[in-house]
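Subject: The structure for you to look at

Dear colleague,

Here is the structure I promised to pass on, and below it I have written out what was found. Please keep the view open beside the text while you read.

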There are 2 protein chains.
Amino acid sequence: MITIALDAMGPDAGPSVVVEGAAQVSREEAPIRTILVGDGVEIQALLKRQSYDRTRVEIVNTTDWVRQDEKPAVALDARPGCSALVAADLVAKGEADALVGAGSTGALILASSRKLERVEGVRRCALATVHPTEQQHGPHDDPFALMLDVGATLTVDAQDLVSFAVMGSAYSRIISSIEKPRVALLSNGTEPTKGTAAIVEAHAILAGMPSINFVGNVEGLDIPRGTVDVVVCEGFLGNVVLKMLEGVSEVVSDIAKDAYARKFLWKLGLMMLSEGIRQIRTMTDWRQYGGAPVLGFSKPVIKAHGRSNAWAIRNAIRVARKTVERDLGGTIRAGLASAPARAS
Amino acid sequence: MITIALDAMGPDAGPSVVVEGAAQVSREEAPIRTILVGDGVEIQALLKRQSYDRTRVEIVNTTDWVRQDEKPAVALDARPGCSALVAADLVAKGEADALVGAGSTGALILASSRKLERVEGVRRCALATVHPTEQQHGPHDDPFALMLDVGATLTVDAQDLVSFAVMGSAYSRIISSIEKPRVALLSNGTEPTKGTAAIVEAHAILAGMPSINFVGNVEGLDIPRGTVDVVVCEGFLGNVVLKMLEGVSEVVSDIAKDAYARKFLWKLGLMMLSEGIRQIRTMTDWRQYGGAPVLGFSKPVIKAHGRSNAWAIRNAIRVARKTVERDLGGTIRAGLASAPARAS
């Protein structure tokens, strides 16, 4: 049975959503065991209210946890017994196969990097996330594409971009069942000579790697369109792009609400249009698609959104299980084998 | 009377829109003279069909021009007599006060940099453009904010970002009549320590400059919201962001069209909602707002959109006149005077 370590502390709604998600998973057929890491008294009290399989949910008590507004490095230094570090340690020691957290993103990534090894050949880990697209992807017609890095790094070199491409391709294949995901570098033009020095060099390397379905550079236009399955960029750029998409979503939502409040005729129109509006909102609200993987560690690490409910936590746990079963680490290792070695 | 040199060649619709725009300006009260630079025979034929003031429109014949799909540097080297270079030269020699073009952006910028001087203290010029925002700006409640650089540069240093901030602030003050435009650096967090080394250094410099209303860093979220009046970033990032906004606009438009075609009930809803939909479209279609300035040259250079019609060209000419009258170059020079000198 696969075991998932859950940092139970830190989501916006508090540990209850994590506890409820774990209880739900324990009632389902898929053989998954979870370890809830956090305030034992609180978790026990929350768990009592749930119906769950006692053989498949465990609690590990910790005394503290990292808040969203804290500096992760400072907090982890000060509190070695916090839930993020203890949960990552369970994975490092082999007591769990993967790590899921819904609290501070920085604390989850930093705790993982302090406890877990990276896949051989990966120098920098990357946070990947799905964003809504007009075009659909893969055999299940997913209305979203994967983008990485969206914030684990700031600036990176060509080899880092190459490893991001390999990791994104592996994750997309495993989770979205796309046999040969189309992978592209995000740049300011489609020609191989366009972009920063790191992008131009990564382009040349990726073009020579048979293990990757590299289709070249894409531009900003291609992000909402969804021209490719995996978009690769440095963390600084990915962060700006991701937050911008979030902002566009909120603005569209505001305008719709505003119209709704103002005019009766518009109300009628909105009711008739509800399916269309829902479609736009769905497209711009990727939060429903659950967890974002931190790629590059030898064991899977999944960041669930801070605003997750129990269903989103349940989905993140199932995604974690899938990456364990389908050997994400091994797939990344194999993909990197065809990359030229880093000069060091 | 102020004279504007117009590169008449290269817009998507051909020189007719530029000729028509110049004719219209000559019929209006504002004292503006234009010089149409391009294929003299074609321009003369087009002009004959217009009603215009002969004392205020002139033609300078050239034998060639740079196409949108050509590499600007190669094309300008091969054709020193092309319309972009000849038009820029008229401005350099003082025969015109400003330059407007609607053809290849790269050719306009490169021709300007070969012929025109830069404002003292400016090492790199920047292409600025307005983008639609939820919040309104300035005394005229403009529904858009300025962003630069969106593609004249790739990566830049801290001093370049500082000069972009000064130039954007000056342009926003002159064109949108905002007395103290709020200026921000685009980064991956609002703290002064967030971002690349260049951003962190520029932040520290701008915080100490009384001539700029510097409000700190903004994030991707703030672009569609419009939290500030001027967003400053390197050209690579600005290019990706701008094209992404364009993509979002196209996707929203596609969805609306698709819904329209499919369902009668939706049609009815769309008709009722037309004002709301128009509002969203307006917000996401910044092309209506006319020209984008290339900032940093001692004389104003305005890039009109390739898809401009005669009205958009007329507006770009009027914007160029405003920047001459209100001394954009002098305003930038004064703003830069309080910046620390570049170590060189």
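**Packed helices in chain B**

In this predicted model, helix α1 (residues 16-27) of chain B packs against helix α2 (residues 40-48) of chain B at an angle of about 50°, and their axes lie 9 Å apart. Because of that angle, α1(B) is oblique to α2(B). On the α1(B) side the contact is made by Ser16(B), Val19(B) and Ala23(B), and on the α2(B) side by Ile43(B), Leu46(B) and Leu47(B). The crossing in which α1(B) passes α2(B) is right-handed.

A second pair can be described in the same terms, since two packed helices are described by the angle between their axes and the distance between the axes. Here α6(B) packs with helix α12 (residues 328-336) of chain B at an angle of about 135°, with the axes 9 Å apart, which makes α6(B) oblique to α12(B). This crossing, too, is right-handed, as α6(B) passes α12(B). Among the residues of α6(B) that take part are Ser163(B), Val166(B) and Tyr171(B), and they belong to a group that meets Leu328(B), Thr331(B), Ile332(B), Gly335(B) and Leu336(B) in α12(B).

**A helix of chain A with a buried side**

Chain A holds 13 helices and 11 strands, and buried residues make up 58% of its 344 residues. Of its contacts with a separation of 6 or more, 73% are between residues 24 or more positions apart.

Which residues are buried in helix α13 (residues 328-336) of chain A? They are Leu328(A), Gly329(A), Thr331(A), Ile332(A), Gly335(A) and Leu336(A). These residues lie on the same side of α13(A), because they cover an arc of only 165° around the axis. As a general point, an α-helix has 3.6 residues a turn, so residues three or four places apart point the same way. The cover over the buried residues of α13(A) includes α6 (158-176) and α12 (310-325) of chain A.

**The largest nonpolar core**

The largest nonpolar core has 223 residues, and those that touch the most other members include Leu6(A), Leu148(A) and Leu6(B). Helix α6 (residues 158-176) of chain B gives the most to this core, with 11 residues. Leaving aside residues up to four places away in sequence, Leu6(A) touches Val18(A), Ala22(A), Thr34(A), Ile35(A), Leu36(A), Val37(A), Ala87(A) and Val100(A).

With best wishes

Note on methods. Residues numbered from 1 in each chain as written. Chains lettered and ligands numbered in written order. Predicted model: local features only at pLDDT ≥ 70, side-chain atom pairs only at ≥ 80, totals over all residues. Buried ≥ 20, exposed ≤ 12 C-beta atoms within 10 Å, placed from the backbone. Helix = DSSP H or I, 4+ residues; strand = E, 2+ residues; numbered from the N terminus. Arc of directions from axis to C-beta. Contact = placed C-beta atoms within 7 Å. Core = buried A, V, L, I, M, F, W, Y, C linked by C-beta atoms within 7 Å. Axes fitted to C-alpha atoms, helices over the stretch in contact; angles between N-to-C directions. Parallel < 35°, antiparallel > 145°, perpendicular 65-115°, else oblique. Left-handed = near helix turned anticlockwise from the far one by under 90°.
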